Structure formats: C-alpha cells, structure tokens
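Thanks for coming. Please have a look at the structure before I start.

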Amino acid sequence: FCTEYGPSGKGPSCGPWKDTVVFQANYRAYKTFFDELYPELKPNGFYIAGESYGGIYVPGFANALLDDPIPGLNFKGILVGDGLTGCKPVPGKPADWCIDLDNVGIFKYPNTNEGPWYDIEFFHGHSQFSEDLYRRIRYHCSEAELRTSQLSPICTSLVEEMEEEIGGFFVYNLENTCNYDIPSHASESLFDSRSDFDQERSEKKSKVDKIFSGDSYGMNHALRARRSLRITVKQRGSGTSGGGAPCPGNVMNEYLSLNTTLDALGVPDDMNFLNLDNGHGFDYTSDQTRVTYIYKKLIEAGKKVLIYEGDTDACGLQTPVIEDIFVPYFDNELKLKKEKWRPFTVDGKKGMGGYVINWAQGQVQFVSIRAAGHLVPINRPIAASVMLNSFLRDEELPRYSTP
C-alpha cells in the first residue's frame, strides 16, 4: 500500500526496493511500534529472528538498531536459521554475484552457493547417488573448481549425471517423503476414504493456488515443479516428512485467503495479495554483501547471537555451508574463546537434538539440528523448543549422557 495505486496496485507500483531500503523501512516500523504505540514494552528483552533470506534481513535490521538505537529498547540479540549470508564483495561485480535463487533445487549454478561443491558432498553424504559417480567427480574435478560456477565440460557433464541419479527431492528437507509420484488410485487405497472436509479443502486449495501466482519463481518455482509429484495430503496425514513430522498441507495459503484473517490484519477488501518469491514481480535489488561484519558489531556490543541449521536442508544452506563461513570467522577473525562441537539432547540424557559450538561462554552459538530441514521448528519442534528456551534463558543446551 505504498503508492497512489493503493492496495489494488501490482508489485511494481511499490517502486524500487533493495535490501538496505528494507532495513530502513523495518527500522522505522520498530520506531513507531516502540516509541508511539507500545512504549511500555521497551524494557522487555527484544530479539530479532528469521530464517532463509532472514539471514540477510535479520543482521540488517539489527545493524540499523546498532547505528541508531531506540532509547530504552532492551535489544538483546539475534537468531538466524538456515540463512543466506551474502557474497564477499568483489570490485566490479553486483552485491549478489555469487547467488541465483532461481536455480535452487535444479543443480544450476550459482544457486545459494557459487558452485556444486556443497551439493555434491551433501547428496553423497546422504547416499543419494552412486559411489562410482562420486569417485569420478572427485577424480576429474578439483574442490577449487567445484566451488565455482565455471566448470569444465566434463565436470558439467558429471554434475548433470548426478542430478539424474538423485531424482526427485523436496528442496526444503531431503528426508521429506511427501512428494513422490503415487498415482491417485494407489493413494486412495493406502488411506481411509476422504471426508467431506478433505473434498472441501481440496476445492479451496485450487482457488488459493490461483491467488498465489508468484510461485512460478525461485524456491517456490522448485517447489511448484515438484508438487506434480506429490501425493494428495489427507486430513489424517499421509505419511511423514522425515524425522517424524507430518506431511504439510496448504494451511498457510488457505489461512491468508480467509476473510476473517484479512479483516484481523486490517487488509482492505480490494487488496491484491501477491506471493512474490526472490524479488520477482516487483522492482527489487539485492545490495547487501557478506553479513559477517555485522555479527562482529553485534558481538562487540554485547549482543547474543544464535545461528542454527537443519542438517537435511537440501536448498544449499545446511549445516556445513554455514559452518564453513561462521566458525572460521569467529575463531580466526574475532578470536573468540570456543567450546568445541558437542552433542546436545532434548532430555539431558540420550534423546539427541543435534550439536552445538559455543563461543564467549554462550554469547555466540552455532547449532546443528539433527533430521531438520530448512524450517527447523516444523521438522524438530521439540529440539527447536529446547534450543530456543536454552538460548533465551542463558542456559546451556542439555548435554549428552554417555551410555
């Protein structure tokens, strides 16, 4: 609703946006919220949290608060899950030169990473293609080459062969089993007959899909391409998405299409809701480079930092990718005192939640959640709850008890 075109305007009517403009718009929203609307909330501990592109936004929002603090606001720190980190600045190249989110899930490069190195190691480590092919890739292609998008013809051919061997997968969680090609008649035989609720829900879904036309781009494009292989979601569940989590449905889109929801959000009746992924559909430029310097500012200002990753995230932002960026940075650049990688549990015994590295007596944490994908709380809600509560309460994550 940012121009004279009003709520019915299309995406471009909002004018040009970029990361740094979003940072400032968000800061102004915080100022209005805390200074004018709810000043009584300022003493409460305030954290900024986000996932995915939140890896750019959350540090950017925090940086604006560091540069121009809101008087009286008890800003405590940030939490970022499976987040982008931005590209290292290179003279003559755009800020996002090493990233192309339209390539996520389709083995074209760059995607969330400049080259296929992490995809190769991730999918091989999860036994998704043959040992023979892996050995041929490592024989013909150096790690240095695989970390770039400039591949030789033979390495390009081998990566294409890898894609063929891997087949279908859910880009947000490799262990998600909700998207395979099961014919409708076979699906019907596996589960109870559909209730009237299921039929109504299916009809609503077809209407909602028309509203969210932005799914033709970026990560949503990869998801859309794989939806044609996904079985129909049943009311009582149709399997698991990995790690014991139920298969997701279309709840968010349905929820946002309800009149009661839109009324509660104060959205005008004639609004044009656009689900635009990766900046497509409106004028957006990514202009934030590598965000590590903001983490340095946060840590030096005494703010807490939690970086958490799902180890089955198949979109290129899983544990090793982000670990390779932040662990050397905290170790070598900031020279923080570190407690090495260790397992943590959800019960203080043997119920594994994942792994943690601590710096500066817990002020800074890197957490890897076992069997979680891009959206950690969906796949491992109990482990996510233990992680969040421990971080907010300044408590260490429960240790593993050796049998």
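Let me begin with the second largest pocket, where helix 3 and helix 13 (319-333) each supply at least two residues of the lining. Helices here are DSSP runs of H or I with at least four residues, strands are runs of E with at least two, and both are numbered from the N terminus. A pocket is found on a 1 Å grid over the protein atoms alone, as an open set of points with protein on both sides within 12 Å along at least five of seven lines; the points are places where a 1.4 Å probe fits, and a lining residue has an atom within 4 Å of a point.

Before I go on, this is a predicted model: local features need pLDDT of at least 70, side-chain atom pairs count only at pLDDT 80 or more, and totals for chains, interfaces and linings use all residues. Residues are numbered from 1 along each chain as its sequence is written, and side-chain values use heavy atoms, with hydrogens and water left out.

Back to the pocket. Its lining has 24 residues, and K88, N113, Y118, R290 and I325 lie nearest the centre. Which helix gives the most to this lining? Helix 13 does, with 5 residues.

Next, the disulfides. A disulfide is a pair of cysteine sulfur atoms within 2.5 Å, and by this rule there are 2. In one of them, the sulfur atoms of C87 and C98 are 2.1 Å apart. Both cysteines lie in the loop between strand 3 (74-81) and helix 3 (117-125), so the pair ties together parts that are 11 residues apart in sequence.

C87 and C98 are buried. C141 counts as buried at 2% relative accessibility, and C155 at 0%.

Finally, the whole protein. There are 15 helices and 8 strands. Of the 403 residues, 46% are buried.

Notes: Buried < 20%, exposed > 50% of the residue type's maximum accessible area, 1.4 Å probe, protein only.
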